[in-house]
Amino acid sequence: MEEGGVNVIDLTQGDESFVKELEGLGADELRECIQCGKCGATCPMALAGLEFFIKRIVHAANLGLRDVLLEDSSVWGCQSCNRCVEICPMDIKPYEVIQALRRAAIKVESCPANTYEGLRNLYKFGHAVFPKGFEERRKKAGLPEKPPTALSYDELRKKYQEVLKQTILEEIAPFPLD
């Protein structure tokens with residue numbers, strides 16, 4: 001929320017159960033953050049000028065600001081570079097906070113539509129993203145339309161799917177894991 005050009009956090013929106021949920025989803029060390037800012041100093045999201053970058057995301061998570069975090073798309077902007085993990089003096093693994101937030105968002109279907117497509121593709125084909133528009137070029141070059149993945153090896157694909165069924169995907173997948 002912005003008041004007079006200054007971002008104001010309404011602490012009454014804090015939800016302790018959300019903090020516990022994030023800890024259960026992999027943000028084990030979330031409460032150890034001392035807000036030193038080292039993660040933010042190295043975060044490409046901060047360098048790109050995004051309002052929510054890793055330091056602010058971790059702070060909002062610690063405050064239990066469920067709605068703020070699940071309504072903002074910043075957690076999906078993380079490039080997974082892990083610079084924040086390398087520099088964190090408290091070893092809170094800030095990227096794990098991002099992953100926990102993504103898991104929480106998927107559980108309540110609060111994420112970009114292409115996230116579902118990527119998860120579905122990962123489960124079905126063993127590859128989350130297929131470059132579009134290159135099918136004809138691949139055919140002309142004598143390659144299959146889609147790059148080879150676990151889909152090419154039925155036994156391997158089934159084993160891969162069994163492994164995925166043993167992860168949190170089993171609980172949060174917005175599609176059937178058959």
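This is a walk through a predicted model, from its overall make-up to a few local details.

Some ground rules come first. Residues are numbered from 1 along each chain as its sequence is written, side-chain values use heavy atoms, and hydrogens and water are left out. Because the model is predicted, local features need pLDDT of at least 70 and side-chain atom pairs count only at pLDDT 80 or more, while totals for chains, interfaces and linings use all residues.

Start with the whole protein. It holds 11 helices and two strands. Both kinds of element are DSSP runs, numbered from the N terminus: helices are H or I with at least four residues, strands are E with at least two. From the N terminus on, the order is β-β-α-α-α-α-α-α-α-α-α-α-α. The C-alpha trace spans about 60 × 30 × 30 Å along its principal axes. Of the 178 residues, 34% are buried. Here buried means under 20% relative accessible area, exposed means over 50%, and partly exposed lies in between (1.4 Å probe, protein chains only). Contacts are heavy atoms within 4.5 Å. Among contacts with a separation of 6 or more, 62% join residues 24 or more positions apart.

Now turn to helix H4, residues 54–62. Its buried residues are Ile54, Ile57, Val58, Ala60 and Ala61. They sit on the same side of H4, because they cover an arc of only 165° around the axis. That arc is taken from the directions from the helix axis to the C-beta atoms. What covers these residues? The cover includes helices H1 (16–24), H2 (38–42), H3 (44–47), H5 (66–71), H6 (83–87) and H7 (94–107). After H4 comes Gly64, with a positive phi near 75°.

Two residues other than glycine also have positive phi. Gln35 has a phi of about 55°. It is found in the loop between H1 and H2, and its 26% relative accessibility makes it partly exposed. Asp91 has a phi near 55°. This residue lies in the loop between H6 and H7.

Two packed helices are described by the angle between their axes and the distance between the axes. The axes of H8 and H10 (residues 154–165) come within 8 Å and cross at roughly 130°. Axes are lines fitted to C-alpha atoms, for helices over the stretch in contact, and angles run from 0 to 180 degrees between N-to-C directions. H8 and H10 are therefore oblique to each other. The cut-offs are under 35 degrees for roughly parallel, over 145 for roughly antiparallel, 65 to 115 for roughly perpendicular, and oblique for the rest. H8 contributes Leu122, Tyr123 and Lys124 to the contact, and H10 contributes Arg157, Tyr160, Gln161, Leu164 and Lys165.

A search of the whole structure finds one aromatic pair. Tyr123 and Phe175 form it, 6.3 Å centre to centre with 50° between the planes, a tilted arrangement. Rings of Phe, Tyr and Trp (its six-membered ring) pair if their centres lie within 6.5 Å; planes under 30 degrees apart are stacked, over 60 edge-to-face, and the rest tilted. Why does the pair tie together separate parts of the sequence? Tyr123 lies in H8 (residues 113–125) and Phe175 in the segment after H11 (169–172), so the parts it joins are 52 residues apart in sequence. Tyr123 is buried, at 2% relative accessibility. Phe175 is buried as well, at 9%.
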